[in-house]
Amino acid sequence: MMNIALLFGGKSGEHEVSLLSASYVAREIDSKKFKVIPIGISKKGVWFLQSDEELHRVRSDEKNSFNIIEDEKNLVSVIPGHGKNSFSVERKPLEIDVVFPCLHGTNCEDGILQGLLESAGVPYVGCSVAASAITMDKEKTKQVWQNAGLPVVPYVCVRRVDLNDRSSYKKLVDDAIAKFGFPLFVKPCNAGSSVGAGKATNAQELSAALDEAFLWDNKILIEKAIDAREIECSVTGNATIQNEKNPCGKVAAYVPGEILPTHNFYDYDAKYTDPAGAVLKIPALLDDTQIEKVRTLAQAAYKILDCSGLSRVDFFIDKNSGELFLNEINTIPGFTSISMFSKMCEAGGLKYEQLITLLIEEALEVFEQKQRLSTSR
């Protein structure tokens with residue numbers, strides 16, 4: 001039986017979402033194959049091993065989610081280079097075979113955690129350091145996609161340094177208004193789950209939305225607000241490794257889904273706290289040709305970023321022109337009971353327990369392939 005370190009919480013605006021995601025994984029993982037070792041990361045970034053009792057509590061009721069119990073006796077240390085013995089509590093190794101991060105947002109999904117796990121020498125589910133860092137930055141992701149000729153939503157990027165020059169800042173904002181007109185969307189470049197995002201229908205609302213977004217990040221996107229249908233597509237596999245003996249790394253795009261928000265837009269509350277925040281349609285209300293176009297573009301967007309493990313690729317379809325745009329990509333999408341990622345995989349024939357197993361197998365395949373590479377002469 002493999003030991004799977006389930007990481008959750010974190011120093012992120014999506015801390016609470018992470019607790020929900022990890023709880024669902026803990027309940028659905030194949031307990032005959034995998035032993036879950038729950039590790040909660042506090043909002044200050046401190047790691048704590050969670051008790052078997054806490055794991056049992058979460059598994060005993062689908063309404064329960066993890067609490068992070070900050071017991072100083074259960075502080076987790078990570079020693080680089082020690083492989084499966086890199087994680088320890090009171091100098092006793094936890095013997096981790098694979099790390100399964102259920103961590104969303106900054107300090108978790110952006111390459112920081114992945115760099116630590118690479119240094120430790122332990123397999124982990126999800127994208128590499130580079131892919132995680134690029135995809136977390138919405139501006140850089142758009143630039144990569146644009147360079148590859150893929151369609152993105154038009155945008156203007158504003159940096160905190162621009163605030164120091166009122167004329168420069170005003171020009172950037174005025175240019176965005178002139179180019180796109182109202183309404184506009186404002187979002188932090190390095191945050192997920194719509195944290196810090198807002199919609200502006202006039203200059204006063206735009207100013208307030210920018211102030212809110214700058215609380216969460218030092219780079220902000222102002223985007224054209226497209227009257228759009230929101231389409232999502234789950235992708236798994238490894239974009240840079242293809243092992244014929246182990247097909248688990250094959251890049252696969254699943255059945256696209258469609259979000260029909262009941263809120264002004266698909267905001268944080270609609271995604272995670274309001275059960276009636278959106279109607280989820282799987283498959284999306286598209287014809288076969290459109291569905292195949294979404295799946296093909298999702299694979300292309302995933303591959304050009306060298307993604308691995310899993311991602312959810314989000315699209316807009318302009319209601320007026322029918323034009324398809326890439327919106328963003330999430331490399332550790334939500335795993336809650338209402339999350340689209342797992343639902344779309346299931347619609348494509350991959351059940352939740354099978355999905356978790358696939359991701360763990362992919363993580364081991366990536367690690368084994370990397371171990372074969374030369375590191376010195």
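A cavity here is a set of points, on a 1 Å grid over the protein atoms alone, where a 1.4 Å probe fits but cannot get out, and its lining residues have an atom within 4 Å of a point. Grid points are joined across faces, edges and corners, and a volume is the space filled by probe spheres set on the points. This is a predicted model, so to speak: local features need pLDDT of at least 70, side-chain atom pairs count only at pLDDT 80 or more, and totals for chains, interfaces and linings use all residues. Residues are numbered from 1 along each chain as its sequence is written, and side-chain values use heavy atoms, with hydrogens and water left out.

**View A. The second largest cavity and its lining.** Searching the whole structure turns up four cavities of 30 Å³ or more. Helix α4 (129-136) and strand β17 (324-330) each give at least two lining residues, with β17 providing the largest share, three. (Helices are DSSP runs of H or I, at least four residues, and strands are runs of E, at least two, numbered from the N terminus.) Sorted by class, the lining has three nonpolar, four polar and three charged residues; Ala, Val, Leu, Ile, Met, Phe, Trp, Tyr, Cys and Pro count as nonpolar, Asp, Glu, Lys and Arg as charged, and the others, Gly among them, as polar.

**View B. Asn-107 and Gly-111, in the loop between β7 and α3.** Asn-107 counts as partly exposed because its relative accessibility is 35%, while Gly-111 is buried at 9%. (Buried is under 20% relative accessible area, exposed over 50%, partly exposed in between, with a 1.4 Å probe and protein chains only.) The side chain of Asn-107 reaches the backbone oxygen of Lys-11 at 2.8 Å. Gly-10 sits 97 residues from Asn-107 in sequence, yet 7.4 Å away in space, C-alpha to C-alpha. Gly-111, for its part, is 4.4 Å from Val-129, C-alpha to C-alpha, across 18 residues of sequence. Leaving aside neighbours within four places in sequence, Gly-111 is in contact (heavy atoms within 4.5 Å) with Val-129, Ser-132 and Ala-133.

**View C. Asn-190, in the loop between β9 (184-188) and β10 (198-200).** Asn-190 counts as buried because its relative accessibility is 17%. Beyond four places in sequence, its contacts are Thr-106, Met-136, Asp-137, Asp-217 and Lys-219.

**View D. Helix α7 (residues 203-213) and its buried residues.** Leu-206, Ala-209, Leu-210 and Ala-213 are the buried ones. Down the axis of α7 they fall within an arc of 100 degrees, so they line one face of the helix; the arc is that of the directions from the helix axis to the C-beta atoms. Gln-204 and Asp-211 are exposed on the other side. Cover for the buried residues includes α6 (166-180), β9, β10 and β11 (219-224). At the N-terminal end, Asn-202 is the cap, with a side-chain oxygen 3.1 Å from the backbone nitrogen of Gln-204.

Terms used: Polar contact = N/O pair within 3.5 Å; in protein donor to acceptor, adjacent residues only side chain to side chain. 1 Å grid on protein atoms, 1.4 Å probe; cavity = no way out; pocket = protein on both sides within 12 Å on 5 of 7 lines; lining within 4 Å.
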